[in-house]
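Here is a report on one protein model. Keep the sequence and the structure in view as you read.

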Amino acid sequence: MDITILWADDEIELLKPHILFLEGKDYRVLTANNGEDAIDLLNENQVDIVFLDENMPGISGLETLNRMKSTHPSTPIIMITKSEEEEIMEDAIGSKISDYLIKPVNPKQILLSIKKNLDTRRLVSEKTTSNYQQEFRKIGMRLMDRLDVEEWKEVYEQMVYWEMELDSSNDSGMQEVLQMQKTEANAQFGKFISDNYTDWVSGTDEDAPLMSHQVIKDRVFPVLEDSHQPVFLVVIDNLRLDQWRALRPIFENYFRVDEEDTFFSILPTATHYARNALFAGMMPLDIQRMFPNLWKDEDGDGKNSHEADFLENLMKRSGVNKKMSYNKVTNLRFGKKLADNFQNFMTNDLNVIVYNFVDMLSHARTEMEVIRELASDESAYRSLTVSWFEHSPLFDLFKSIAEAKCKVVITTDHGTVRVNSASKVIGDRNTNTNLRYKIGKNLDFREKDVFYSRSPEELMLPKSNVSSTWIFALEDKFFAYPNNYNHYVKYYKDTFQHGGVSLEEMIVPLVTLSPK
């Protein structure tokens, strides 16, 4: 087993039966009866775990602990004490002990603590892999059925759960199996969207899911009406369900999660369409009809510059007579300014904050080699999102919201999918440049790679030309033109894009939080 234990206790001779028990389990045990000798043994030997008595002659157990941690910060140290005083426990825990045992201890307690601290990763990895192997079969069987909206949400949430569980297992084989299953799921999901999306947006399917244009009226306004404190709606652009799940433990230090749900982003899963629909409370075609001077065509500037106007109109149409503020954060300086001037929010009933960083991160990953290396895969992309959040003004803002005892709704406009397979498309020079959806008059494309419509009105999308066709990439496809094809494919392969049809882009988080 080659595991060495250091046990320091002023009554070490009385612990001889425990030591013999551990040696019988093939552990090597080093002993000391004071803190100074224990520190020397730790410095002179390759020690895997330390059991440390809290009350010893000479330097105390807590001082010994602090000196050990200063030179061996990653070595797990188990504090053992006769005292159950809260202050001593808090001091020990604050010094980053790995476990805490109360005398008298028995050999099985010691063995359990060793396994918990040294074998946890291996045991959890083995158990996670075993559990996913069983779940793999169940998910595979479900994918063979005709799933409805709620079942698709459940399947995707299960896959996100297992993806994150397997992150910590380091079992690359099972991670590859899960990615293959996600690919199959997205293939089936594309068919599901192709069969049902038109009926959803036309209002003819009473089993349609909650979608972008219904979120604020159905989920945010009720929270606002029930609250006696200001409510914050924070829209983090491009936030996927797995990214939210990675951030959730941070939020749970300050908030209770009242509800964690998902909704379906409209198509295209792009900011111009999905976020305008979110704030206007209507589909893009209706926005264009009601606000012909505010809606911008695909090639226009400032396509999302009227979100506050759309939201004010939605509040008026819905009979919500509340004071509202709207802020969009696109750079660090403005984010800090909002956090520093938090008290300004407290005079409003509803505070809307749009945070663009995750969107910028996904695009930066495409453009910047260093970001591509930092976010080399899905797991690293989640990790980078968490690292950004922990050091962002947005985190400071959330801490202020929690301290002010205000409710929060966190959501997004759409997600992103990691693209790996190019699909050739031909269009004229007026065709838009997005990699996951195209609008054009004479588009030539592979039908099996796309969900398409030659009548955008049936998708509740504006029609810019009499003969316009809309195509949305399925699965992990991205569109590439035949000219300079190989360079184009190499440049965009393995980047995160949005605009098309995938579980990652369309099923996105909607979370309500209350302060602790």
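## The whole chain

This is a predicted model. The protein has 516 residues, and 54% of them count as buried. Its secondary structure comes to 19 helices and 19 strands. Along its principal axes, the C-alpha trace spans about 90 × 55 × 40 Å. Residues 24 or more positions apart account for 73% of them.

## An open sheet of five strands

Five strands form an open sheet, in the order β2-β1-β3-β4-β5. The pairing is parallel. In general, strands of a sheet pair through backbone hydrogen bonds, either parallel or antiparallel.

Which strands stand at the edges? They are β2 (28-32) and β5 (99-102). Each has a single partner strand, so one side of each is left without a neighbour in the sheet. From one strand to the next, the twist averages 20°.

Look inside the sheet at β1 (residues 4-8) and β3 (residues 49-53). Four bridges join these two strands, which run parallel.

Helix α3 lies across β1, β3 and β4 (77-81). It runs at about 175° to β4. The helix covers residues 61-71, and its buried residues are G61, L62, T64, L65, M68 and K69. Why do these residues line one face of the helix? Seen down the axis of α3, they fall within an arc of 155°, so they share one face.

## Strand β12 and its partners

Strand β12 (residues 421-426) pairs with β17 (residues 477-480) through four bridges, and the two run parallel. A422 stands opposite F478 in β17. β12 is also joined to β14 (residues 444-445), this time by two bridges, and here the strands run antiparallel. The bridge partner of V425 in β14 is F445.

| Strand pair | Bridges | Direction |
|---|---|---|
| β1 (residues 4-8) and β3 (residues 49-53) | four bridges | parallel |
| β12 (residues 421-426) and β17 (residues 477-480) | four bridges | parallel |
| β12 and β14 (residues 444-445) | two bridges | antiparallel |

## Nonpolar cores

In soluble globular proteins, nonpolar side chains tend to be buried together. In this model, the largest nonpolar core has 106 residues. Those with the most contacts inside it are F189, I193, Y197, F279, F398 and I410. Helix α7 (residues 172-202) gives the most to this core, with nine residues. A second, separate core has 20 residues, including L30, A32, L41 and L52.

What does F279 touch? Leaving out residues up to four places away in sequence, its contacts include I216, L233, V235, E307 and F310. Among the others are L311, L314, Y326, V352 and V354.

V352 lies in strand β9. Is V352 buried or exposed? Its relative accessible area is 0%, so V352 is buried. It touches F279 in return, and its other contacts include L233, L311, M324 and Y326, again not counting residues up to four places away in sequence.

## Two loop residues

S502 sits in the loop between β18 (495-497) and α19 (503-506). Its relative accessibility is 0%, so S502 counts as buried. The side chains of S502 and E505 are joined by a polar contact of 2.7 Å. Beyond residues up to four places away in sequence, S502 touches N186, F189, V417, R436 and E475. F189 is also one of the residues with the most contacts inside the largest core.

N341 is in the loop between α13 (332-340) and β9 (350-355). How accessible is N341? Its relative accessibility is 35%, so N341 counts as partly exposed. A polar atom of its side chain lies 2.7 Å from the backbone oxygen of K337. N341 and Y485 are 144 residues apart along the chain, and their C-alpha atoms are separated by 50 Å.

Notes:
Residues are numbered from 1 along each chain as its sequence is written. This is a predicted model: local features need pLDDT of at least 70, side-chain atom pairs count only at pLDDT 80 or more; totals for chains, interfaces and linings use all residues. Side-chain values use heavy atoms; hydrogens and water are left out. Two strands pair if DSSP finds at least two bridges between them. Buried means under 20% relative accessible area, exposed over 50%, partly exposed in between (1.4 Å probe, protein chains only). The arc is that of the directions from the helix axis to the C-beta atoms. A nonpolar core is a set of buried Ala, Val, Leu, Ile, Met, Phe, Trp, Tyr and Cys residues joined through side-chain atoms within 4.5 Å. Contact means heavy atoms within 4.5 Å. A polar contact is a pair of N or O atoms within 3.5 Å; within protein, one must be able to donate a hydrogen and the other to accept it, and residues adjacent in sequence count only if both atoms are side-chain atoms. Axes are lines fitted to C-alpha atoms, for helices over the stretch in contact, and angles run from 0 to 180 degrees between N-to-C directions.
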